[in-house]
Amino acid sequence: MSGPKGHPHQVPDMQGAHPGGGPQEDGGGHPAHIPGGPGSSMGGGHPTNVPGGPGYDPSAKKVWTPRLIAWEMTRSCNLDCVHCRAAARFGPYENELTTEEGKAFLKDVASFAKPIIIMTGGEPMLRDDIWELARYGTDLGLRMVMAPCGFLVTEESAQKMIDSGIMRVSFSIDGLTEESHDNFRRVPGAYASVMQAIESANKVGLDFQVNTTITKHNLHELPELLDLVVSLGAKAYHPFLLVPTGRGANLKDQEISPEDYEKTLSWFYEMREKSPIQFKPTCAPHYYRIFRQGEKEKGIAVSPETHGLDAMSKGCMGGQSFAFVGHRGEVQICGFLDVKCGDIREEPFSKVWDTSKVFKEMRAWDDYNGRCGYCEYRSKCGGCRARAYAFTEDYMDEEPFCTYQPSESAKKARDAKKAKEAAAKDEK
Ligand SMILES: C[S@@+](CC[C@H](N)C(=O)[O-])C[C@H]1O[C@@H](n2cnc3c(N)ncnc32)[C@H](O)[C@@H]1O
Ligand code: SF4
Ligand code: SF4
């Protein structure tokens, strides 16, 4: 299959390349080769004890564990990107979490899980206590990764990252050329700075992944961007699909059409085997539907043994294995769905994780509206709740950028399952 907009794939086959996982996993950035890492855009993952998962026990209750948490350490930023979900400005912003509040948050998380913590922003490196907090998290056994913008990454600061236990960083490259990237990031020199940052990371041996947010302006550059990212020495490449929120809400005309999404995600599926580095479409949940449809057509059963992280990852992990904590302590299912689910200044993160109404709704995908609620792939995809919200203001609605029509029998099966559950509840 050809690349997006008919581009031939130009990635040479490379031997000895890295698979990887990373600051990745969903919704907010992630690193490769993290022991036990879900391997997503700094994130990934699943609830434990899920059908098809390792050691599944049908009689046991599903346990929801955070595998990846993005912490917006500050909203201040030295870039001014057109798509920024946070609509971040240089700042400073008042009333952001203090060092002590940050430590209490990390300690609470470590008391019940050992997720990857993505230190993000804004520009996380604008915080004076960044190394102290990174070290604190590392010492608690949390896997710390960072999503800096690039301007502040020198050999010296990259070495400090390693010294404080940071396992991977993500850099964003949103255009193939200086002009294309700088126009998107709206600061002259942004491209040069990210290239400089990558050089510094390589010099000191700091693992990094590259993220790209895909819009009409760079869709045609994707195959060459993948080549570039490989040549730069990245451990992973995570293309993000635009979520029209924050300043990104003004980019609706830049959003690629559902049909182009389908083509692009099919190209991603093709790249899965050809890319020499981990290639993880992020916040593109129906990629996992396309992946499973493709393997089914080839007659290949998907399991963790044969497909590794791809078999274990779910499209949207928001509220299920991923969460976001904002700069003033607000908890969300992810940074792109601007719906407050709790506040760590009022109650511990662990309590919000277990009790938030929205988090519970995210885990009950049979109750999603429209096609996503009965789709055969709903437990592997789930549709983007933030994109649904951006279009209808109801995060339970169906993913607006998916063209798939699930079968009528899938709808009947879901309805029967819900009726059975309701009857069992009434009996109690
Ligand atoms: C939380 S950000 C990392 C923060 C960092 N300041 C940056 O922009 O690179 C993680 C990724 O999300 C991307 N992103 C931000 N706003 C987005 C949006 N509205 N839709 C899709 N991706 C977005 C960023 O470009 C970045 O690659
Ligand atoms: S209908 Fe919803 S759950 Fe099914 S593939 Fe499309 S986005 Fe995913
Ligand atoms: S709601 Fe959308 S943006 Fe948020 S984690 Fe899910 S797929 Fe990603």
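Which residues are the closest to ligand 2?

## Ligand surroundings

Cys372, Cys375, Cys381, Gly383 and Cys402 are the closest of the 16 residues that surround ligand 2, a residue being near a molecule if its C-beta atom, placed from the backbone, lies within 6 Å of it. This shell holds 8 nonpolar, 3 polar and 5 charged residues. Ala, Val, Leu, Ile, Met, Phe, Trp, Tyr, Cys and Pro count as nonpolar, Asp, Glu, Lys and Arg as charged, and the others, including Gly, as polar.

Ligand 1 is surrounded by 21 residues, the closest being Arg85, Ala147, Ser172, Asn211 and Gly248. Its shell divides into 7 nonpolar, 12 polar and 2 charged residues.

## Basis

The model is predicted: local features need pLDDT of at least 70, side-chain atom pairs count only at pLDDT 80 or more, and totals for chains, interfaces and linings use all residues. Residues are numbered from 1 along each chain as its sequence is written, while chains are lettered from A and ligands numbered from 1 in the order in which they are written.

Of the 428 residues in the protein, 52% are buried (20 or more other C-beta atoms within 10 Å of the residue's own, with C-beta atoms placed from the backbone). The protein has 14 helices and 10 strands, which are DSSP runs numbered from the N terminus (helices H or I, at least four residues; strands E, at least two).

Helix 14 is hardly covered, with 1 buried residue among its 20.

## Contacts of Ile117

Beyond its neighbours within four places in sequence, Ile117 is in contact with Ile69, Trp71, Leu106, Gly137, Leu142, Arg143 and Met144 (C-beta atoms, placed from the backbone, within 7 Å).

Notes:
Two residues are in contact if their C-beta atoms, placed from the backbone, lie within 7 Å. A residue is buried if 20 or more other C-beta atoms lie within 10 Å of its own, exposed if 12 or fewer, and partly exposed in between; C-beta atoms are placed from the backbone.
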